[in-house]
Amino acid sequence: MTFQQISNLKSNIGTTVFPAIPSAYPSMLLSAFHQLGKSQWWTPEQIRGKQFQQLNHVLLHAYNNIPFYRRRLKEAGIKPAKGITAKKWSTLPFLVRRDFQGKEDEFLAKSIPDGHGELSEIKTSGSTAEPIRVYATGLVHFFWSAFTLRDHDWHKRDFNGKLASIRHIKGNKAQYPGGMDMKTWGDPVQTLYHTGPASALDIKRTDVIDQLEWLSRQKPEYLLTYPSNALELAKLTISKGLTFPSLKELRLMGEVADKKTLNICKQAWNIPVADAYSANEVGYIALQCQEQGNYHIQSENLYVEIIDDKGKPCAPGETGKVVVTTLHNFAMPLIRYQIGDYAEVGEPCSCGRGLPVLARILGRVRNMLVLPTGEKYWPSSGSLALPNIAPIKQQQTIQKDSEHIEVRLVVGRPLTREEEEQARKVVISKLGYDFKISFVYLDKIERSAGGKFEEFMSELPQMSTSR
Ligand SMILES: [Zn+2]
């Protein structure tokens with residue numbers, strides 16, 4: 001913690017501010033946060049050893065309380081009461097979304113140990129994928145808070161500053177032009193610290209130019225938004241020659257941020273950009289360290305494996321499926337869960353932290369383009385964008401089937417036949433295959449329920465594999 005962060009700690013005793021004496025729950029959070037401050041420097045072997053101790057508890061609990069896992073573990077010849085070895089672990093089949101989609105209640109543990117707090121429900125949504133429900137406990141939220149504190153610590157954020165966020169907000173309370181004003185940064189920071197104010201703007205009804213106008217009035221130190229939105233804000237900031245002198249850092253959330261987006265954002269505001277890789281159903285997966293910009297796996301929260309097509313762990317430089325096991329969710333543990341993302345394993349980070357490194361997070365399976373030749377790749381942000389053939393305001397590219405691509409456009413006027421022909425050629429050359437291309441004109445391309453905008457989506461059946 002920085003001097004400023006410690007100085008802002010709330011004391012439960014009004015006459016004792018130095019050192020502060022936090023009340024019970026904040027003290028527990030601080031305790032967890034301080035342990036994270038130590039364990040991040042352990043060796044990979046030390047971290048893995050502690051993870052397997054915790055995994056034993058998860059497996060035994062799942063075996064005793066969830067019939068699906070009892071069957072699975074028996075079939076794999078694993079007896080949780082005897083402890084699990086890394087070798088045995090690697091024989092356990094992967095869990096995929098469709099294993100529990102629509103039958104979430106069968107994955108709710110019959111009993112939850114004391115101390116795990118209240119049961120709650122988390123809904124996840126995707127733009128093409130069906131939503132799933134996941135049950136969580138108070139302890140899951142507790143750890144979410146502790147890792148949020150770690151993220152603030154790694155990036156040395158000044159809690160006295162103003163935090164502005166532009167994201168999906170339920171209801172009508174944060175509409176342009178006013179947005180929503182708050183006195184604090186909200187949980188978990190305000191649980192522990194005195195903070196500056198915050199404000200929020202609902203993304204789904206606010207044009208990018210209006211967002212910039214709102215930001216110029218807010219004068220925040222920190223801006224939190226989705227990568228696709230940040231990219232548009234950055235481009236407009238550059239083209240209009242705007243400046244936001246108060247801004248200290250851009251924080252990204254909710255979508256995969258590629259290198260191009262990160263670079264344009266840095267260029268637009270000349271500030272550090274911090275990305276976080278998380279998913280509703282499992283919490284924080286990886287956070288970026290300030291020193292190198294590497295993504296460090298949050299090993300105290302999850303056991304994360306990056307697995308190649310043959311089911312083997314990837315080495316640095318290799319890309320594979322992200323497979324996640326929750327270490328603290330005893331309401332609905334997810335064990336060897338293929339979350340649907342791909343990531344590239346990185347070399348150990350020069351910052352010295354022992355937490356494993358991901359060099360890149362790649363798109364979801366549904367963001368992957370598949371050529372009829374079987375080749376597949378993730379179109380990077382903006383790579384499918386049409387040049388200025390016509391006034392195009394918004395674009396989304398959809399793979400309908402193995403031969404057919406739909407280009408959705410929001411335009412000032414429909415394209416002429418010649419312009420469509422020109423656009424078709426551009427798309428085909430960018431995709432590297434002679435797809436059948438159709439154009440669909442829309443008034444607006446909506447973000448998904450979670451506020452995400454996906455530039456490319458595939459409607460091909462999901463190619464997740466279950467062994
Ligand atoms: Zn690092």
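Student: How many helices and strands does the protein have?

Tutor: In this predicted model, the secondary structure amounts to 12 helices and 20 strands.

Student: What makes the radius of gyration of the protein agree with that of a compact globule?

Tutor: Set the two values side by side. For 467 residues, a compact globule would have a radius of gyration near 23 Å, and the protein has 23 Å, so the two agree.

Student: Where is histidine 116?

Tutor: Look in the loop between helix 6 (97-100) and strand 1 (120-124).

Student: Why does histidine 116 count as buried?

Tutor: Buried means under 20% relative accessible area. Histidine 116 has 11% relative accessibility, and therefore counts as buried. Across the protein, 52% of the 467 residues are buried.

Student: Which residues is histidine 116 in contact with, leaving aside its neighbours within four places in sequence?

Tutor: Those contacts are Thr137, Gly138, Leu139, His328 and Phe330. A contact here requires heavy atoms within 4.5 Å.

Student: What share of the contacts in the protein between residues at least 6 apart in sequence join residues at least 24 apart?

Tutor: That share is 67%.

Student: And the surface: what do carbon and sulfur atoms supply?

Tutor: The protein exposes about 21700 Å², and carbon and sulfur atoms account for 53% of that area.

Key:
Residues are numbered from 1 along each chain as its sequence is written. This is a predicted model: local features need pLDDT of at least 70, side-chain atom pairs count only at pLDDT 80 or more; totals for chains, interfaces and linings use all residues. Side-chain values use heavy atoms; hydrogens and water are left out. Helices (H or I, at least four residues) and strands (E, at least two) are DSSP runs, numbered from the N terminus. The radius of gyration is taken over C-alpha atoms; the globule rule is 2.2 Å times the number of residues to the power 0.38. Buried means under 20% relative accessible area, exposed over 50%, partly exposed in between (1.4 Å probe, protein chains only). Accessible areas come from the Shrake-Rupley method with a 1.4 Å probe; for residues, only the protein chains shown count as cover.
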